[in-house]
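Visitor: Can you walk me through this one? Please start with the terms.

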Amino acid sequence: MTTCEVQIYYSVKGKTMALERKLRVGEMVLRLVVLGLGVTAVALLVSASQVRTFFSLEKKARFSDMKVLVFLVVANGVAAGHSLLQGIYCVVRMMKGSVVSSKGLAWVIFSCDQVMAYVTLSASAAAVQTAVLGNFGQSELEWMKTCNLFRKFCTQALW
């Protein structure tokens with residue numbers, strides 16, 4: 001190998017390592033964003049409540065009264081936990097300087113990310129459908145609008 005070839009080799013290797021570092025930092029930022037959004041969504045849903053008095057009867061609206069909101073809280077919590085674990089794994093990989101140890105592990109991580117994305121998307125879609133029903137009702141089935149009764153709860157939890 002000549003000196004010129006060695007310089008080119010190290011130059012290309014340096015650019016590759018810089019690109020890998022940028023990708024790792026980008027992945028870490030995305031994991032932190034998912035973690036922050038998941039924790040925020042869980043906190044907002046869990047803290048949403050409203051007490052309404054009908055004659056002498058008190059009714060408290062909470063997220064646990066609607067199974068779809070429980071599903072949304074669990075899905076966001078699991079996605080945030082997954083993102084936290086993967087973020088820790090990213091930090092460990094950055095400290096070691098390695099990318100991924102095997103193709104199999106990379107596929108497992110990718111598959112878990114896909115599952116988290118689909119579960120979160122399905123929970124969000126179900127919550128949106130519930131929000132629409134709560135806000136507009138369903139006259140054909142004689143379902144009334146519940147957001148008229150619990151406006152504060154609907155504003156925080158559903159919209």
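Guide: Buried means under 20% relative accessible area, exposed over 50%, and partly exposed in between, with a 1.4 Å probe and protein chains only. This is a predicted model: local features need pLDDT of at least 70, side-chain atom pairs count only at pLDDT 80 or more, and totals for chains, interfaces and linings use all residues. Residues are numbered from 1 along each chain as its sequence is written, and side-chain values use heavy atoms, leaving out hydrogens and water.

Visitor: Arg 31, buried or exposed?

Guide: Arg 31 is buried, at 11% relative accessible area. It sits in helix 1 (helices are DSSP runs of H or I, at least four residues, numbered from the N terminus).

Visitor: What is Arg 31 in contact with?

Guide: Leaving aside neighbours within four places in sequence, its contacts are His 82, Ser 83, Gln 86, Gly 87, Cys 90, Ile 109 and Asp 113. Contact means heavy atoms within 4.5 Å.

Visitor: New topic. How many aromatic pairs?

Guide: One. Rings of Phe, Tyr and Trp (its six-membered ring) pair if their centres lie within 6.5 Å; planes under 30 degrees apart are stacked, over 60 edge-to-face, the rest tilted.

Visitor: Why does the pair of Trp 107 and Phe 110 get its class?

Guide: The pair is edge-to-face because the planes are at 85°, with ring centres 5.8 Å apart. Trp 107 and Phe 110 are three residues apart in helix 3, so about one helical turn separates them.

Visitor: And how accessible is Phe 110?

Guide: Phe 110 is partly exposed, at 43% relative accessibility. Trp 107 is exposed, at 58%.

Conventions
Helices (H or I, at least four residues) and strands (E, at least two) are DSSP runs, numbered from the N terminus.
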